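Subject: Structure handover

Hello,

Here is the structure I promised you. Please open it next to this email and follow along.

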Amino acid sequence: MLTVVIPVHNREENIRYTLWALEAQTLDKLLYEVIVVDDSSTDNTKRTAESVVRGGDMHLTVVTSPKSDTWNASVPRNYGVKISNPKFQAVVFVDSDVLLNHDALQ
């Protein structure tokens, strides 16, 4: 069982394609979860991510990372891991502009 964490910041245009690629995975949707961690975007990144997979069977969580005094890519990544399902055994970090092949998680 697997958690996919996607940190995002102002990626409204990219995130929909990344999520569509994850939704198209051949791996059983019960075996993975996707967590999008929005790092205080000023565009519609979070709303776009929330709307992409509505009605689908992929387990998607979209959250905002805690505020930090300085930007550090590890903050949204670590937050995603912190809120992930503890019974899942592995974590994969995917950038918001990556389109995985349909069998990548398999």
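How many of the residues of β2 are buried? Seven of its seven residues are, and the strand is mostly covered. Buried means under 20% relative accessible area, exposed means over 50%, and partly exposed lies in between (1.4 Å probe, protein chains only). Strands (E, at least two residues) and helices (H or I, at least four) are DSSP runs, numbered from the N terminus.

Before going on, two notes. This is a predicted model, where local features need pLDDT of at least 70, side-chain atom pairs count only at pLDDT 80 or more, and totals for chains, interfaces and linings use all residues. Residues are numbered from 1 along each chain as its sequence is written, and side-chain values use heavy atoms, leaving out hydrogens and water.

**Strand β2**

In a regular strand the side chains alternate between the two faces of the sheet. Both faces of β2 are covered. Tyr32, Val34, Val36 and Asp38 are buried on one side. Glu33, Ile35 and Val37 are buried on the other.

β2 has partners. Two strands pair if DSSP finds at least two bridges between them. β1 and β2 pair in the parallel sense over seven bridges. Pro7 has Val37 in β2 as its bridge partner. β2 and β3 also run parallel, joined by six bridges. There, Glu33 stands opposite His59 in β3.

**Asp38 and charge**

Asp38 sits in strand β2. Asp38 is buried, yet has no salt bridge. A salt bridge needs a side-chain nitrogen of Lys or Arg within 4 Å of a carboxyl oxygen of Asp or Glu. The nearest side chain of opposite charge, Lys46, is 6.2 Å away. For charge, Lys and Arg count as positive, Asp and Glu as negative; His and the chain ends are not counted.

Where is there a salt bridge? The whole structure has one. The side chains of Arg77 and Asp95 meet in it (3.9 Å, N to O). Arg77 is in helix α3 (residues 74–82), and Asp95 is in the segment after β4 (90–93), 18 residues apart. Arg77 is partly exposed, at 27% relative accessibility. Asp95 is partly exposed too, at 39%.

Best wishes
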